[in-house]
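Okay, thanks for coming, everyone. Let me put the structure up on the screen, and then we'll walk through it piece by piece.

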Amino acid sequence: NNKQLDDGKELKQIIDIEKKHPEFIIARKLMTVSGIGPKQALDLVKKDKIKSINDLKKKVNDGDSKIELTHHQEIGLKYYDELNCVMNRKEIKYTVDKIKELLEKNIKTKINITIAGSYRMNREYSNDIDLIITFPSIKTRNSSNTKNMKIKMNKVIQLLFDNNIIIDEINSGVNIYTAIVNLDFPNNNKNKNKNKKCNITK
C-alpha cells in the first residue's frame, strides 16, 4: 500500500543520510521504539531535534507539546528496554501455561490456546509472544458467532487484566489484540524481561 511505499522511500532516505551525516543514525535508533516508522523517525530528528531515546523519553515525560506520539508509540517508549530484550522458550511457556490455567478455570466453554510465531518455529529466543485463541464451539464466522466470539474474547481480556497478566493495552483490532503482559517468571531477576508484548489472534 501507499504507506509501505512511503516508509520504503523514507528508509532509503535514512540510509543515504547516514552515509553523509552520521548523526542521523539516531533516526535508525528511534525506529527500535515499537510503532515508530521511518517517516516519523526522520521527523523527530529533523523537526523536533531529538538526539537519543533518552532525549525522546525526557521530552515526552516533560510534556513537550511538539512531540506527538500515538498510544502504541507511547507504550513502546514506556517499555522500551524490556521490549528490546529477548526471552527464552521457558519464559514463554511458563507465561502461556499460566494464562491457560486461568482461562480454563474461569471460562465455562472449552478454549484452545496455541503458541505461534517464533516459538512455533522452534526458535530459542523471541521478542514477543504470539497466541492464537479459539473456541471449538464456534466453527463458522457468521454474524451470530462473531458476536458470541467477541463476548467470549472480551471476557478473556478482562480476566487477564484482572489477574495482572495484561498490564497495558496497545491495540484492540478486529482480529488481533495486542498488549503488554507481565511474565512474572519465578527467580527471574532480570527486570528487563518482566514485561513483554503479546499478540493475540482471535
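So, look at the side of helix 9 that faces away from its buried side: there you'll find the exposed residues Ser 143, Ser 144, Lys 147, Lys 150, Ile 151 and Asp 162. When I say exposed, I mean over 50% relative accessible area; buried is under 20%, and partly exposed is in between, using a 1.4 Å probe and protein chains only. And when I say helix or strand, those are DSSP runs numbered from the N terminus, with H or I and at least four residues for helices, and E and at least two for strands.

Quick word on where this comes from: it's a predicted model, where local features need pLDDT of at least 70 and side-chain atom pairs count only at pLDDT 80 or more, while totals for chains, interfaces and linings use all residues. Residues are numbered from 1 along each chain as its sequence is written, and side-chain values use heavy atoms, with hydrogens and water left out.

Back to helix 9. It runs over residues 143–162, so to speak, 20 residues in the count, and spans 29 Å from first C-alpha to last. That's close to the 28 Å expected at 1.5 Å a residue, where the expected span is 1.5 Å times one less than the number of residues.

Which residues of helix 9 are buried? They are Asn 145, Met 149, Lys 152, Met 153, Val 156, Ile 157, Leu 159 and Leu 160. Seen down the helix axis, these fall within an arc of 155°, so they line one face of helix 9; the arc is taken from the directions from the axis to the C-beta atoms. What covers them includes helix 7 (89–106) and strand 4 (128–134), along with strands 5, 6 and 7. Just past the helix, Asn 164 has a positive phi of about 60°.

Now, the core. A nonpolar core here is a set of buried Ala, Val, Leu, Ile, Met, Phe, Trp, Tyr and Cys residues joined through side-chain atoms within 4.5 Å. The largest one has 30 residues, and Leu 103, Leu 131, Phe 135, Leu 160 and Ile 200 touch the most other members. Its largest share, six residues, comes from helix 9.

Let's zoom in on two of those. Leaving aside neighbours within four places in sequence, Leu 160 is in contact with Ile 99, Leu 102, Leu 103, Ile 165, Ile 166 and Ile 200; contact means heavy atoms within 4.5 Å. Phe 135 sits in the loop between strand 4 and helix 9, and is buried at 3% relative accessibility. With the neighbours within four places left out, its contacts include Met 149, Lys 152, Met 153 and Val 156. Phe 135 and Lys 152 are 17 residues apart in sequence, and their C-alphas are 8.7 Å apart in space.

Last stop: helix 4, residues 53–61. Buried or exposed, what about Ile 53, Asp 55 and Leu 56? Those three are buried, and they fall within an arc of 160° seen down the axis, so they line one face of helix 4. On the other side, Asn 54, Lys 58 and Asn 61 are exposed. The cover over the buried residues includes helix 2, helix 3, helix 5 and helix 6. After helix 4 comes Gly 63, with a positive phi near 80°.
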